[in-house]
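Please look over the structure below before reading on, and keep it in view as you go through the briefing.

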Amino acid sequence: MRAEQAIAFLVFAFAASLTPGPNNVMLTATGANVGLLRGLPHLFGIAAGFAFMMFVVALGLGSLVIDTPWAMTTIRWAGVALLLWFAWRIATAGRGNANGTSRPIGFVGAAAFQWVNPKAWFITASAVATYLEAGTASATVQSLAFAGLFVLAILPCGALWLGFGAVLQRRLFGGRLRAFNMIMAAVLAASVLLFVF
């Protein structure tokens, strides 16, 4: 992979990772409800799931899904259903008590969500179409590089959103936390409109 290609891709990855979207809304809500440390599996799940998805799409297997209309329709509606379910979970979440009954979205759930997250499909397909170059390195090497560079972007950007939620946690209690959760759930549910229309 050429240095110019890697730098351009990394800038794209940072921009895609930092902008608001379903993952960042859920990370903020997780931070506000369970704090930074208990939210780390959620962040690591996003990074792992997104990196693996980037690798698979860049390697060419993703084109089988992207070029199959019924598969994309299935992914879109599964993503809508999952986003609405996550929105409901956020809306009904409360601060964990002393025995830690509040359960954040874990590593596996966050990683699996990437495969039905329409924004993740859009980002990976756009990245591959724009930055994959013939003749610079094998598809496997470029796919691994893209996955690794995306992890480098997702971890600090996602940590900012998770940390922002954790900072809010100190100011949110009782009715304020419930109101915050309702607002975050509404924002997440509203993002579904972008995928439906």
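This is a predicted model: local features need pLDDT of at least 70, side-chain atom pairs count only at pLDDT 80 or more; totals for chains, interfaces and linings use all residues.

Read from the N terminus, the order of the elements is α-α-α-α-α-α-α-α.

**The chain as a whole**

- Of the 197 residues in the protein chain, 45% are buried.
- The protein chain has an accessible surface of about 9,600 Å², and carbon and sulfur atoms account for 74% of that surface.
- Among the contacts in the protein chain with a separation of 6 or more, 87% are between residues 24 or more positions apart.

**How α1 and α6 are arranged**

- Two packed helices are described by the angle between their axes and by the distance between those axes.
- Helix α1 covers residues 3–18 and helix α6 covers residues 118–131, and their axes come within 11 Å of each other while crossing at roughly 165°.
- Angles over 145 degrees count as roughly antiparallel, and α1 and α6 are therefore roughly antiparallel to each other.
- The crossing of α1 and α6 is also right-handed.

**Which residues make the contact**

- On the α1 side, the contact is made by Gln5, Ala8, Phe9, Phe12 and Ala16.
- On the α6 side, Lys119, Ile123, Ser126, Ala127 and Tyr131 take part in the contact.

Notes. Residues are numbered from 1 along each chain as its sequence is written. Side-chain values use heavy atoms; hydrogens and water are left out. Axes are lines fitted to C-alpha atoms, for helices over the stretch in contact, and angles run from 0 to 180 degrees between N-to-C directions. Helices (H or I, at least four residues) and strands (E, at least two) are DSSP runs, numbered from the N terminus. Angles under 35 degrees count as roughly parallel, over 145 as roughly antiparallel, 65 to 115 as roughly perpendicular and the rest as oblique. A crossing is left-handed if the near helix is turned anticlockwise from the far one by less than a right angle, and right-handed if clockwise. Contact means heavy atoms within 4.5 Å. Buried means under 20% relative accessible area, exposed over 50%, partly exposed in between (1.4 Å probe, protein chains only). Accessible areas come from the Shrake-Rupley method with a 1.4 Å probe; for residues, only the protein chains shown count as cover.
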